[in-house]
Each structure stands twice: as structure tokens, then as C-alpha cells.
Amino acid sequence: MEREIFGYKCQKCGTLHYPFRMVCKNCRANGYFEFDTVPLPHAGKLLTFTFIHNLPAEFEVARLGLGIVELENGLRVTGQIQIDDPKLGMDVVGAIEVVKRDAYDNRYGFVFRAA
Amino acid sequence: MREVYIIGIGITTFTRLEYPLSEIAAYASMGALKDAGLTDVDYLVVANMGSARINSQSALASAVADTLSLTPAGAVRVENGPASGASAIKEGFMAVASGMHDTVLVAGAERMREVNSLEATDFVATLTHPMAEYIYGVTLPGHAAMFTRLYMEKYGVTERHLAMVGVKNQNNAMLNKDAHLHQPISLEGILDSPEAMTNNPWVAEPIRFFDCCPVSDGGAALILASKEVAEASGRPMIRISGIGQATDTLAVHEREEPTDLMAVRRAAEQAYAMAGIKPKDIDVAELHDAFTILEIVESEEVGFFEKGKGHIALEKGETEIGGKMPINPSGGLKGKGHPVGATGVAQVHEIVMQLRGDAGERQVKGAKNGLACNFGGFGNNVIVSTYTREG
Ligand SMILES: [Zn+2]
């Protein structure tokens with residue numbers, strides 16, 4: 001199954017949000033679920049990043065890369081990064097992959113690599 | 001609104017404590033009651049973040065009221081992430097200011113060392129956005145690290161500045177018998193010497209072990225009272241002069257300007273407006289330095305220094321106990337420790353000590369106005385409050 005991560009576009013004013021929120025941050029005028037889901041672009045620029053060394057127990061790696069990416073449509077997302085030597089502002093492209101396995105489920109999210 | 005005073009303070013040592021959470025809260029509370037010369041109160045507000053998850057105890061306030069034999073006084077627990085402590089103070093303030101109660105015990109307590117440090121980190125990380133952050137492995141050190149990198153790039157903050165905050169606060173903690181860390185550190189030991197990188201490993205690049213507060217157990221408590229009760233108590237008159245609170249987006253990536261902490265700025269503006277004072281009137285401050293970068297940024301957002309210039313003031317020694325704007329004389333979260341639910345209350349415990357002139361070797365001379373910033377989430381729920389000594 002092809003997995004996607006969606007942005008939420010307000011049906012009243014067109015503002016795009018990620019993650020989901022019940023009320024539009026811009027106009028606060030939308031009704032219940034008056035958002036259109038819009039697939040997010042996968043390409044963007046790396047705004048900031050870190051490598052975490054002391055991880056919560058469920059992550060079975062020694063060092064986990066995380067970053068905030070500004071996607072081509074201007075929306076920002078947080079995701080994992082698999083980049084050896086990241087640089088601020090570099091072009092990246094994301095894939096939807098398993099980012100966490102816990103007792104119940106595989107959790108899917110963005111994993112970004114150098115474009 | 002009625003005026004509200006703090007007439008009693010109490011605290012436990014911040015360390016690993018081998019007694020139950022309710023007793024940690026109660027021990028600090030007994031100190032505060034004794035200090036105020038009271039044996040009962042009208043109402044209790046108990047701040048705690050994790051009891052149900054990490055200590056298998058919910059409804060903590062009922063247990064605290066009972067163990068202190070304060071029943072049948074009303075009691076409520078406040079959970080508001082790392083800002084639980086100041087949120088409880090705000091609840092207590094409103095209870096007295098409204099005229100509903102004359103005396104309120106505000107206690108904060110956390111027992112985090114009951115679980116290992118990975119579980120403690122994961123527990124705190126549950127305050128992040130569940131779908132857009134938490135599932136990726138985002139932790140609070142992770143947020144702090146991504147924020148630090150932006151601040152370094154934009155304003156020229158370096159690893160050395162971060163280390164200077166840690167050295168200052170850990171050395172201040174040497175003067176505080178209740179502080180968690182009684183280990184003097186130097187720039188040589190954590191940054192410059194050949195062993196420094198072994199002593200001070202990465203936690204989340206670019207932040208290191210000595211940029212992070214320890215995981216602590218501890219409790220702190222205050223007695224809030226109406227003016228009439230405060231005057232009758234004969235205790236020094238320390239008034240809660242201003243309280244402001246603001247929220248921000250849960251997901252950090254949604255913030256318009258990623259190097260701003262707007263909730264800190266807005267909460268501070270509200271507190272100053274309520275108190276009728278300006279940042280330059282503040283003599284001593286306790287800021288929420290869970291990570292060293294936060295002391296620098298908060299010192300700017302509460303208006304002590306221009307945006308992007310906090311690290312310059314730090315370099316000049318202005319934030320030391322003898323400096324122009326002393327910050328975290330208690331040792332801060334970095335040196336004193338960070339039992340999450342207790343922290344906001346403990347910050348005000350220190351401010352009251354300072355305004356009473358009871359802070360001993362770490363006393364800021366002649367302090368009349370104090371400020372505390374209790375930073376919840378990664379800046380998504382922040383309370384700034386000000387305190388004034390009368391007479
Ligand atoms: Zn809208």
C-alpha cells in the first residue's frame with residue numbers, strides 16, 4: 001500500500017496546515033472537518049537538524065537523525081533524516097517509511113535523504 | 001482583585017529521594033506551613049506532571065491533603081507539563097485574589113528517579129505532538145538541539161556560550177545546600193581539555209551532557225495568603241505583583257519564526273503590565289534553563305537583553321550573582337535540578353529567599369523585584385511571574 005502524509009487545506013480561506021487541527025489557524029471560521037486533504041510534496045530544504053544520542057527505549061539505533069524540513073509548498077514538517085553530513089539549507093527528499101515500531105503497530109512517517 | 005502575598009516557603013533537597021511522591025510534596029509543605037506559622041489552610045493546589053505514569057499514583061492532591069491532615073480542605077492537582085508548578089501558583093493566586101480563599105498551600109513535587117533515565121526522557125517527550133513529532137523519536141533535548149543550531153547560525157551563539165551558562169549555574173548551585181549537583185565545573189573540564197569530550201559527550205548534537213539539567217526528585221511549597229492574613233502573620237510581605245501566561249503551537253515546526261519563543265515574550269509582557277514594572281526594574285530572575293540555550297533565549301524574550309544579545313551579556317558576566325542582571329542564583333534547573341512538577345514552585349521559593357534577604361552566600365544585594373519564567377513544552381505553554389518586596 002502506498003502511504004502518504006497529508007496537509008489540511010481550509011475550505012474557507014485556503015490556508016494549508018500540518019499537522020491536522022480542528023480549526024483553521026488563519027481564519028478560525030471553518031466548520032467541522034471543513035478541510036480538504038492535500039498530499040504533501042516530498043522535496044524541500046533542511047531548516048535545522050540534530051542527531052540524538054540518548055533515545056527513548058523503542059528506538060534501536062545508537063544515534064537518530066532528526067530534522068525540520070520546509071517542503072516545496074512552504075509547509076514545514078518534522079521527520080527523521082538519513083544524511084551523513086547534513087548542512088543547513090540543503091535540498092532533501094522524503095520517503096514515507098517506518099519511523100517507529102512499538103508493541104502495537106508500525107508507525108509511518110517522513111524519512112529525509114539528500115536530494 | 002485582592003492582593004496576594006507569599007508568607008511561607010519550604011523545599012526538599014533535589015536529588016534521588018527514597019520516599020513516596022506524596023511525602024515529597026508533604027515534606028516541602030510542612031516547611032512552608034511552619035514558615036508561615038500556620039497549621040491549616042483553606043485550599044491546596046498540587047503541581048505534578050508524571051505521577052500516574054511513572055509513580056502509579058493518580059489524584060495526588062487527595063493523598064497530599066490527607067498525609068498532611070489538612071482534610072477536609074479542598075485540594076486539586078495541576079498537570080501542565082513542565083509549567084505545572086507556575087500553573088499551580090496561578091491557580092492559588094486566583095483563589096486568593098478572587099476572595100474565595102484566604103490561605104492556599106501550593107506544592108509541587110516529582111519523583112522521576114523511580115524510572116531509569118531513558119524512561120524519564122520518554123515520559124517528558126510525551127508532551128510533544130503525538131503524530132507529527134513524538135513518533136519520530138523527538139525528545140526535549142532533540143527540540144533544544146534543533147533550536148540551538150538555528151540560534152548559533154543566526155546570532156553567533158557558540159558551544160562556549162552554552163558551556164558558560166552551565167558553569168555559572170553549576171557553580172551557583174555550590175552555594176545552595178538543597179541543589180542536586182554539588183560538582184564544580186570549568187570550561188577547561190567540559191570544553192577545552194583533552195578529556196573534555198569524554199567528560200561531556202553529545203546528548204543531541206550540538207548540545208552536550210553539561211548543557212542539560214539532571215533528572216531529579218524533589219518538592220517545593222509556598223503559602224499564599226490575603227493581605228489581612230499576611231499582615232497578621234508577621235512574615236516579610238512578598239507580593240505576587242504580576243502573572244502572565246501564553247501558549248504556542250504544539251508542533252514546534254509550525255512556528256512562524258523558528259528562533260522566537262513567542263509564549264515567553266507574551267507571558268512576560270502580561271506580567272510586567274499587571275505589575276506596572278519594566279524589565280529594568282527586575283533585580284533577580286530564575287529562568288527555566290532545562291537546556292543552557294534556554295537561559296540565553298529567555299533572558300532576551302523577557303526583555304533583559306536585546307534579541308540575539310543574551311550571550312554577549314553572559315560573556316560580560318552580567319548574569320552572575322554580582323552582575324547587573326543576576327540569573328539563576330539558585331543554580332537553576334541545571335545546577336539545582338529539575339523535578340518537573342516542582343520546578344515552577346522551586347523557582348519562586350528562590351525568589352522569595354532573595355527578596356527576604358535570606359539567600360546567604362548567593363544573596364543578590366538589595367533585591368526588591370524578582371521574576372520567574374516557567375517554560376512548559378518546548379515553549380508551548382509558558383508562565384512568567386513577578387514578585388515585589390513591600391516595606
Ligand atoms: Zn481558514
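This is a predicted model: local features need pLDDT of at least 70, side-chain atom pairs count only at pLDDT 80 or more; totals for chains, interfaces and linings use all residues.
Biologist: Thanks! How are α1(B) and α3(B) oriented to each other?

Modeller: In chain B, α1 spans residues 21–36 and α3 spans residues 60–67. Their axes come within 9 Å and cross at roughly 55°. Since angles from 65 to 115 are roughly perpendicular and those under 35 roughly parallel, α1(B) and α3(B) are therefore oblique.

Biologist: Which residues of α3(B) meet α1(B), and what is the handedness of the crossing?

Modeller: On the α1(B) side, the residues involved are L21(B), S22(B), A25(B) and A26(B). They meet L60(B), A63(B), V64(B) and T67(B) of α3(B). As for its handedness, the crossing of α1(B) and α3(B) is right-handed.

Biologist: How do α7(B) and α12(B) cross?

Modeller: Helix α7 of chain B covers residues 159–173, and helix α12 of chain B covers residues 292–301. Their axes come within 8 Å and cross at roughly 95°. That makes the two helices, α7(B) and α12(B), roughly perpendicular.

Biologist: Which residues of α12(B) does α7(B) meet?

Modeller: From α7(B), the residues taking part include H161(B), L162(B) and V165(B). G166(B), K168(B) and N169(B) of α7(B) take part as well. Their partners in α12(B) are T292(B), I293(B), E295(B) and I296(B).

Biologist: Staying in chain B, what does Y155(B) contact beyond its neighbours within four places in sequence?

Modeller: Y155(B) sits in helix α6, residues 140–155 of chain B. With those sequence neighbours left aside, its contacts are T259(B), K307(B), G308(B) and H311(B).

Biologist: Where in chain B are the peptide bonds from T71(B) to P72(B) and from E205(B) to P206(B), and are they cis or trans?

Modeller: P72(B) is in the loop between α3 and β3 (74–78) of chain B, and the bond from T71(B) to P72(B) has omega near 15°. P206(B) is in the loop between β5 (202–204) and β6 (207–208) of chain B, and the bond joining E205(B) and P206(B) has omega of about 10°. The bond from T71(B) to P72(B) is cis, and the one between E205(B) and P206(B) is also cis.

Biologist: Let's turn to chain A. How many helices and strands are there in chain A?

Modeller: Reading along the sequence, chain A follows the pattern β-β-β-β-β-β-β-β. Its C-alpha atoms fill a box of roughly 45 × 35 × 25 Å along the principal axes. The count for chain A is 0 helices and 8 strands.

Biologist: Which residue forms a salt bridge with E34(A)?

Modeller: Side chains of opposite charge can pair when their charged atoms come close. For E34(A), the closest N and O atoms of the salt bridge are 3.7 Å apart, and the partner is K12(A). The pair links distant parts of the chain, 22 residues apart: E34(A) in the loop between β2 and β3, and, in the loop between β1 (6–10) and β2, K12(A).

Terms used
Residues are numbered from 1 along each chain as its sequence is written. Chains are lettered from A and ligands numbered from 1 in the order in which they are written. Side-chain values use heavy atoms; hydrogens and water are left out. Axes are lines fitted to C-alpha atoms, for helices over the stretch in contact, and angles run from 0 to 180 degrees between N-to-C directions. Helices (H or I, at least four residues) and strands (E, at least two) are DSSP runs, numbered from the N terminus. Angles under 35 degrees count as roughly parallel, over 145 as roughly antiparallel, 65 to 115 as roughly perpendicular and the rest as oblique. A crossing is left-handed if the near helix is turned anticlockwise from the far one by less than a right angle, and right-handed if clockwise. Contact means heavy atoms within 4.5 Å. A salt bridge is a side-chain nitrogen of Lys or Arg within 4 Å of a carboxyl oxygen of Asp or Glu.
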